[in-house]
Amino acid sequence: MRISWQAIQQEALDCLRALVRLDTTNPPGNERIAADYLADALGAHGIEPVIREGAPTRANLVARHTGADSSAGALLLSSHTDVVPVERSGWTREPFSGEIAQGCVWGRGSIDMKSKCAMDLVMMTAMKRAGAKPNRDVILAAVADEEAGSDFGAKFLVERHPELVRAGYVLNEVGGFTVHLGNRRFYPIQVAEKGFVTIKMKVTAMPGHGSMPRPDTAISRISELITRIVKTPMRKNVSPLMRRTLEEMGVPIESPGPLFAPMLANTVSPTILRAGYKDNVIPGEATIVLDGRTLPGEDPESFMAELRQIVGPEPTFELLKTAPPAEASPDTPLFELIKQTVEAADPGARAIAWMIPGATDNKFYSKLGAVCYGFSPVKLDPHMPFGALYHGNDERLPVEGFYWGLKVYAEVVLKFLGIRFDEVFA
């Protein structure tokens, strides 16, 4: 039975809006409500998912559509259902409404990344309803805790339940969106991502009474170090992938501009500052949490050695959490299929291999041997501040761009699985 494409568009949009209305803010990250919603939707079409919790309410949903050759590497369609907190005072619309206004779906998670979750859901149910038999297994994973390091999400599944998510290829978030450079259009497809190294840096000094000011305190010392960190760039390191990307885009490697700078060096950003406990006491210690991001080929030790060169010998480092960078080859049949499909859908544009400065769950899936790409396509006009809306106020996704992306995504997924588009959709 073929399914109306217009009906699938509406179904995907309704699913996205329903997911946005579920407050899965992390922390605390009650992803169970999203897993239950998805389980009901899958179950209505005869797909029985598995739910595994990394901790109470931290639910991960996995569903499998068995293909003709289960020995072939499965295709894993992955998304995360948790979202970052909102600062409501900065929003012009209710952040958990899923409201449609000005041609967009508004709400936390509309971009990051419940839109991809909605795409994955309708693709799984459509194949099931149409009776389409893929050439390999297809796995849907909607996981918890990505926004806080994935301890209860993909990392938990990879380490504790690898049989559920082991795959040959993974399609995950952050890739396939329009980047406008002058009058040219590019679609970056994520093949690499930086790792993270989260450090607590501490300095100490003699405490004292607030009525007796002095220039040398823990606060003054850490303030100087923070200034040094934010004003001292880490060493430039152009990987073969980024050299290829910049050349394809016609961007000079010597002066690539701020858009590309985070992909050409390790980076560090101060994020949480703590000092003092009473208004009339000069504190004896001050700490800053540093969000470090590492290029492929780097590790926590090499990152901390580079950071030590910036801040000197005084502060102590405490490693809070870390995850490695990841990189996959763009020279695969799946990447070539993505490239051809995107460029056919937007004539004149180019799809390019890309490294993202942030982190996704691909770094964990890759540990099981999967080739992992970020591909959640959406077409954007030049005025859409897409990048700034990740974790930002007034997060929103253009409806027509979402529909365009859904079509491209469906074409890629089905063709890779050996299924004709017109076998499933009318």
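**Strand pairing and helix packing**

Reply: Strand β10, residues 195–204, pairs in the antiparallel sense with strand β14, residues 285–294, over 10 bridges (strands are DSSP runs of E, at least two residues, and helices are runs of H or I, at least four, numbered from the N terminus; pairing requires at least two DSSP bridges). Within this pairing, T204 has E285 of β14 as its bridge partner. The model is a predicted one, in which local features need pLDDT of at least 70 and side-chain atom pairs count only at pLDDT 80 or more, while totals for chains, interfaces and linings use all residues. Residues are numbered from 1 along each chain as its sequence is written, and side-chain values use heavy atoms, with hydrogens and water left out.

The two strands belong to an open, antiparallel sheet of four, ordered β12-β14-β10-β15. Because β12 (267–275) and β15 (316–323) stand at the edges with a single partner strand each, one side of each is left without a neighbour in the sheet. From one strand to the next, the twist averages 20° (axes are lines fitted to C-alpha atoms, for helices over the stretch in contact, and angles between N-to-C directions run from 0 to 180 degrees). Across β10, β12 and β14 lies helix α6, residues 218–231, which runs at about 150° to β10 (contact means heavy atoms within 4.5 Å).

An open, antiparallel sheet of three strands has the order β4-β5-β19, and its edge strands, β4 (100–101) and β19 (396–398), each pair on one side only. Two bridges join β4 to strand β5, residues 104–106, in the antiparallel sense, and in this pairing A101 stands opposite C104 of β5. Helix α1 lies across β4, β5 and β19 and runs at about 25° to β5. Helix α12, residues 399–416, also packs on this sheet, touching β4, β5 and β19, with its direction at about 70° to that of β19.

Helix α1 (residues 5–21) packs in turn with helix α2 (residues 32–43), at an angle of about 155° and with the axes 10 Å apart. The residues that meet are D14, C15, A18 and L19 of α1, and A34, Y37 and L38 of α2. By class, the residues of this contact between α1 and α2 divide into six nonpolar, no polar and one charged (nonpolar covers Ala, Val, Leu, Ile, Met, Phe, Trp, Tyr, Cys and Pro, charged covers Asp, Glu, Lys and Arg, and the others, Gly among them, are polar).
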